[in-house]
Amino acid sequence: MKRWKLEPFSLNNADHGIDATPDILFETHDGRAFVVETKASKFLTEEKLEKQRRVESVITQSGMTFLFWTDRWPLSAALWRQLREMRRLGSCDIPYDRIFAVAQLVAEAPKTLEELRKAGVYRHHVLAAVWVGQAHFNPFAPLCDRTLITSNPKDRRFETVLYAPVESYGWWSSLAEIV
């Protein structure tokens, strides 16, 4: 990811035909722009999905890709929790020397969370380092002592979440009409 912004802009009824404020805008190194909306699946209704389809239409017409993420797909429960915790820790006062310690330790070679803890670096330091891009791990799996923390961005494994439009969330609801 090249850069990102939380709640980057608002759409309004007068200009766009809908009132909405997407959660995230990010740009990849190849210049593609993605607009992300996140929702807890237990609160989704057909009306909320229809609103997201309308937002997706506006975003797509502007040349950006709209992604609709829920805590069930393409995110996992583990990722949902970890992203929320990382976001919280990213705005806390974690001393930068603790974040730098994580970066230094994993620059030498990947380390497990347990190895980092034995070196005096704790989970909240690791998550803060991941939030600022100084360390990486597979966020789709629950954190445990064996979780491998690295300096390699490829270990984030985020490629799968770059293909999550609104329509893909509700594909199953249309099956009854076909069958």
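Reader: What makes Asp23 a buried residue with no salt bridge?

Author: This is a predicted model, in which local features need pLDDT of at least 70, side-chain atom pairs count only at pLDDT 80 or more, and totals for chains, interfaces and linings use all residues. Residues are numbered from 1 along each chain as its sequence is written, and side-chain values use heavy atoms, with hydrogens and water left out. Asp23 is buried, a term for under 20% relative accessible area (1.4 Å probe, protein chains only). A salt bridge needs a side-chain nitrogen of Lys or Arg within 4 Å of a carboxyl oxygen of Asp or Glu.

Reader: Where is Asp23 found, and which residues does Asp23 touch?

Author: Asp23 lies in the loop between α1 (13-16) and β2 (24-27). Leaving aside residues up to four places away in sequence, Asp23 touches Lys5, Leu6, Glu7, Pro8, Val36, Glu37 and Thr38. Contact means heavy atoms within 4.5 Å.

Reader: Why are α3 and α6 called roughly perpendicular?

Author: The axes of α3 (residues 77-90) and α6 (residues 123-131) cross at roughly 85° and come within 8 Å. Angles of 65 to 115 degrees count as roughly perpendicular, and α3 and α6 are therefore roughly perpendicular to each other. Residues making the contact include Leu83 and Met86 of α3 and Leu127 and Trp131 of α6.

Reader: Which residues of α6 are buried, and what do they pack against?

Author: His125, Val126, Leu127, Ala128, Ala129 and Val130 are buried in α6. The buried residues of α6 pack against α3, α4 (96-108), α5 (113-118) and β6 (148-149).

Note on methods
Axes fitted to C-alpha atoms, helices over the stretch in contact; angles between N-to-C directions. Helix = DSSP H or I, 4+ residues; strand = E, 2+ residues; numbered from the N terminus. Parallel < 35°, antiparallel > 145°, perpendicular 65-115°, else oblique. Buried < 20%, exposed > 50% of the residue type's maximum accessible area, 1.4 Å probe, protein only. Lys, Arg positive; Asp, Glu negative; His and termini not counted.
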